[in-house]
Structures are given as structure tokens and as C-alpha cells.
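Have a look at the structure on the screen, and I'll walk you through a few parts of it.

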Amino acid sequence: MSTNPPDLRPDLARARVAETPRKGQPTIGMVSLGCPKALVDSERILTRLRAEGYGISPAYDGADAVIVNTCGFLDSAKAESLEAIGEALNENGRVIVTGCLGAEPEYITGVHPRVLAVTGPHQYEQVLDAVHEAVPPSPDPFVDLLPGSGVKLTPRHYSYLKISEGCNHKCKFCIIPDMRGRLASRPAHAVLREAEKLVENGVRELLVISQDTSAYGVDIKHAEDRGHRAHITDLARDLGSLGAWVRLHYVYPYPHVRQLIPLMADGLVLPYLDIPFQHAHPDTLRRMARPAAAAKTLDEIAAWRDICPEITLRSTFIVGYPGETEAEFQTLLDWMDEARLDRVGCFKYENVDGARSNALPDHVPEEVKQDRWDRFMAKAQAISAEKLAAKVGSVQEVIIDDTDEDGIATCRTQADAPEIDGNLFIDEGTDELSVGDIVTVEVDEAGEYDLWGVPRAAKG
Ligand code: SF4
């Protein structure tokens with residue numbers, strides 16, 4: 001399969017993981033031609049597809065469809081692009097074309113009428129639409145990094161940035177280590193180069209994702225390469241110097257996470273931590289075989305808040321895990337009362353093909369899972385509402401995600417990650433506001449999950 005050389009493909013940088021697709025996992029191939037700008041789009045498409053649960057195939061025959069990112073700069077490049085499309089059609093048959101040559105769709109369809117879709121340069125949202133249509137996603141909340149919306153696409157002003165693949169842990173409900181292998185971190189300079197290009201192309205918020213963000217670099221012994229050390233603290237500091245919002249997802253509460261908090265207090269990275277605690281009872285956590293199962297998480301949370309009082313904590317939990325007793329569940333509720341997390345997601349446990357937890361004794365009946373989920377969410381919602389009410393009257397920086405014809409701007413504060421957290425809405429004085437602007441607002445109303453506010457001065 002033709003691609004840019006590996007040193008031009010930070011998404012594929014060095015440590016390649018042999019991806020074994022899970023049963024039924026949709027899989028996409030990518031042929032990337034052209035300049036570094038086209039490469040940014042390829043990277044973003046691949047990052048997004050991986051995070052949505054697609055497998056990426058290095059060969060034509062393992063892919064359900066192939067994206068060809070074309071170049072149309074010179075005649076020779078056009079010819080090469082047409083040739084690459086022809087090759088992909090012959091070898092695979094299901095081809096989506098994007099990139100510069102896509103600006104001339106008839107030129108492509110005139111030669112290759114069988115292509116499934118043609119989109120133009122930097123239209124990566126439309127490419128993802130075409131992929132979703134050709135090969136529907138098959139979301140799995142226990143495995144995928146993004147919510148299973150499947151159709152909500154990343155706007156241009158924020159982007160996911162994947163820093164590693166795989167995971168060294170063996171949580172019993174999770175099949176990631178079997179599917180994606182052990183932790184394989186990208187070199188820090190490759191991550192940074194991708195981030196720089198994204199920021200140059202207008203991205204104002206970088207969402208750092210991986211299966212285990214705090215473990216970043218462990219597999220490559222935190223090696224320094226071209227002046228950048230592969231350690232999450234160094235990487236966060238480096239990313240923070242690019243001038244975009246930097247949001248950290250999937251951070252496990254290891255002791256060294258404390259070193260990240262001063263970067264938040266100093267405004268280098270957003271005061272936001274997404275930590276998948278999953279449960280609070282030590283026995284449940286042990287049955288899950290969770291990393292940091294024995295950590296005193298309430299003490300850690302208190303320490304983080306001491307250093308950075310405005311920190312927002314988001315987490316996800318599983319209720320109804322095999323063997324979860326009412327007393328264990330009650331411990332989780334009590335823990336929530338103390339931890340008072342800002343944002344919370346919750347899954348009812350379910351078996352996943354191949355997960356070791358399937359074989360555990362004492363599976364919890366569905367109605368008990370539902371009852372616990374309802375009680376847990378009622379508590380989480382009450383805490384969220386109280387915390388948001390306390391923000392009324394405060395001044396917040398927000399990023400604008402959308403403006404509509406009724407003059408309503410949908411924004412997010414620093415405390416809200418896209419697609420999973422709440423919003424702040426501005427419903428007056430939005431004429432001058434554009435998507436991607438970062439503006440200051442005064443909060444004047446709060447609901448259970450969302451805020452409302454009025455703009456002060458545009459910064460964007
Ligand atoms: S830490 Fe556990 S849940 Fe997360 S990817 Fe690794 S094995 Fe899966």
C-alpha cells in the first residue's frame with residue numbers, strides 16, 4: 001500500500017502496533033499522498049477513526065474500505081493520485097477519495113466511476129461522514145475512546161491528539177490489551193510536531209487521548225529524542241507552550257500525576273483531569289484488576305485541589321460489576337459524596353466478547369444494575385447542579401463550538417470537554433462571535449449540566 005514515508009507519518013511513528021481487529025470491528029485502510037497539510041488531515045482522520053473504534057489496516061485486503069488522500073498540485077501528482085485510486089479499487093474495491101484532487105470530483109469520477117465518495121481538501125469531516133456511511137462504526141463503550149455518537153464530527157477548532165496505543169494493564173472487563181497490544185508510545189517530538197501543525201491550521205484546543213495517558217513513555221523508558229522527553233509531565237508542558245487549550249483525558253491516578261497539577265495552576269494546560277476511576281470500593285477494584293486499585297484516591301484528589309482549587313474532575317464508573325454487593329455500591333455513593341466530582345459518566349456492566357470478567361461469579365441482575373445506575377446518576381446530577389450553581393456570577397473563558405441563525409452561541413468553559421460534558425450558552429450579543437473564538441463571559445444562570453452567560457470581551 002503506498003503511503004508517505006514513515007518519518008512523515010507521525011500517526012504511524014516508529015512504534016507500530018500490530019492491530020488485531022476485534023471480532024466485527026470495522027477496519028479502514030489509508031493511502032496518504034501529498035504535502036504536510038494533507039498529512040495533517042490524514043492524521044486527524046486516522047486519530048478520529050481509531051478513537052471511534054475503527055481498526056486501521058496496513059494492507060488493502062484487511063480493510064472494509066480504503067481512503068485515498070490525494071494530491072493535485074502538479075500533473076505528475078494528479079497522475080500518481082489517479083493511479084493510487086485505481087490500485088485501491090483493484091485491490092480493495094471500496095474507495096473514498098479526499099484531498100486536493102477531490103476539488104475536481106468529475107476529473108476523478110471520469111476515470112474511476114466506482115469510487116464511493118469524493119471530498120475536497122481539508123474536508124475531513126465529510127470524509128468521516130463518507131466512512132460512516134460506507135462502513136458504519138460499531139461503538140463499544142468499554143473499548144472506544146470517544147462517545148459513540150458516530151456522526152458528531154470534530155470541528156476544525158479542536159482536535160484529538162493520540163499519544164500512544166495499547167495498554168500494559170489487564171483490567172478484567174477490557175479487551176484493549178488483547179486487541180491493541182501493550183503500550184506503544186509515540187515519540188514526544190512526533191506528537192509535538194503533529195500538535196504544532198494542528199495549531200498552525202487553526203486548532204485552538206488539543207484533546208490528549210490514549211488508553212493510559214499517565215503511563216505515556218513508560219515503554220520507551222521516557223527516552224529523550226530531539227530535545228523532547230517522552231514523559232507525560234514534559235509532554236504536557238511542551239504542548240502547553242503552543243498557545244492552544246490542552247485537555248488531558250484518561251489519566252490514571254498514579255502518584256506522578258501530582259506533577260501535572262502545577263502546570264494547570266500556572267495555566268499551561270487546562271485545569272481539567274479526566275480520570276476513569278470506575279469504582280471506589282477496593283474489593284471491586286481488585287476484582288476489576290484495576291491499576292492503582294490500592295491508591296488513596298480521596299487523598300490524591302484533596303492534594304490536587306490544594307494545588308489547583310479550580311481543577312475540574314471528570315470520571316467514568318461501572319456499576320453492577322460481577323460480585324458488586326450493595327455495601328460495595330454504597331461505598332461508591334459515599335465516596336462520591338466526599339469526592340464531589342464535577343462531571344461523571346456511568347455504565348451498567350455488561351459482558352464483552354473475550355473479557356475475563358465474563359467468567360467471574362455473581363453477576364448482578366439487570367434490574368439491580370438499573371437501580372444502582374439510577375441512584376448513582378441522581379447523586380452525580382445533584383453534585384453537578386450544585387457545582388454549576390456556584391459558578392453563577394463568575395467570569396469564565398469559553399470556546400465557541402457553534403452559532404446558529406437564532407443568535408445562540410453554544411460554547412464550552414475550560415471545565416467542559418466536547419461531546420461528553422456540558423455547555424455554556426450565550427443567547428444575546430453573539431453577532432460578532434465566530435466558531436473557534438475564545439471569549440470571556442459572565443455566568444448568569446445554571447442548570448443541572450449547562451450554564452448560560454453574557455459575553456464580556458472577545459479574545460478570539
Ligand atoms: S487500563 Fe484497563 S481499562 Fe484501560 S485500556 Fe488498560 S486494560 Fe483497558
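Let me start with a quick one: in which loop does Asp362 lie? Asp362 lies in the loop between strand S15 (343-348) and H12. Before I go on, two bits of housekeeping. This is a predicted model, where local features need pLDDT of at least 70 and side-chain atom pairs count only at pLDDT 80 or more, while totals for chains, interfaces and linings use all residues. Residues are numbered from 1 along each chain as its sequence is written.

Asp362 is not a glycine, yet its phi is positive, about 60°. Asp362 is also exposed, with 10 other C-beta atoms within 10 Å. For the cut-offs, a residue is buried if 20 or more other C-beta atoms lie within 10 Å of its own, exposed if 12 or fewer, and partly exposed in between, with C-beta atoms placed from the backbone.

Arg226 counts as exposed because it has 10 C-beta neighbours inside 10 Å.

Now the overall picture. The protein chain has twelve helices and 20 strands, and buried residues make up 44% of its 460 residues. Take the contacts between residues at least 6 apart in sequence: 72% of those join residues at least 24 apart. A contact here means that the C-beta atoms of two residues, placed from the backbone, lie within 7 Å.

On to the helices. H11 covers residues 326-339, so that's 14 residues, and it reaches 20 Å from first C-alpha to last, close to the 20 Å expected at 1.5 Å a residue. That expected span is 1.5 Å times one less than the number of residues. Which residues of H11 are buried? Phe329, Leu332 and Met336 are. They cover an arc of only 50° around the axis, which puts them on the same side of H11; the arc is that of the directions from the helix axis to the C-beta atoms. As a reminder, an α-helix has 3.6 residues a turn, so residues three or four places apart point the same way.

What do the buried residues of H11 pack against? Strand S14 (312-319) and helix H12 (366-389). The face turned away from the buried side carries exposed Ala327, Asp337 and Glu338. Just after H11, Arg340 takes a positive phi of about 45°.

H4 (residues 124-134) has Tyr124, Val127, Leu128, Ala130 and Val131 as its buried residues. Those cover an arc of only 155° around the axis, which puts them on the same side of H4.

Next, the sheets. There's an open sheet of five strands in the order S2-S1-S3-S4-S5, with parallel pairing. S2 (55-57) and S5 (117-118) stand at the edges with a single partner strand each, so one side of each is left without a neighbour in the sheet. Pairing needs at least two DSSP bridges between the strands. S1 (residues 27-32) and S3 (residues 65-70) run parallel and are joined by five bridges, with Ser32 opposite Asn69 in S3.

Then there's S6 (residues 158-162), where five of its five residues are buried. Tyr158, Tyr160 and Lys162 are buried on one side, and Ser159 and Leu161 on the other. S6 runs parallel to S9 (residues 205-209), joined by five bridges, and Tyr158 has Glu205 as its bridge partner.

Last stop, the ligand. The residues surrounding the ligand include Cys167, His169, Lys170, Cys171 and Cys174, where being near means a C-beta atom, placed from the backbone, within 6 Å.

Finally, Lys172: this one sits in the loop between strand S7 (164-165) and helix H5 (176-180). Lys172 is partly exposed, with 17 other C-beta atoms within 10 Å. The C-alpha atoms of Lys172 and Asn358 are separated by 8.4 Å, though the two are 186 residues apart along the chain. That's my tour, thanks.

Notes: Helix = DSSP H or I, 4+ residues; strand = E, 2+ residues; numbered from the N terminus.
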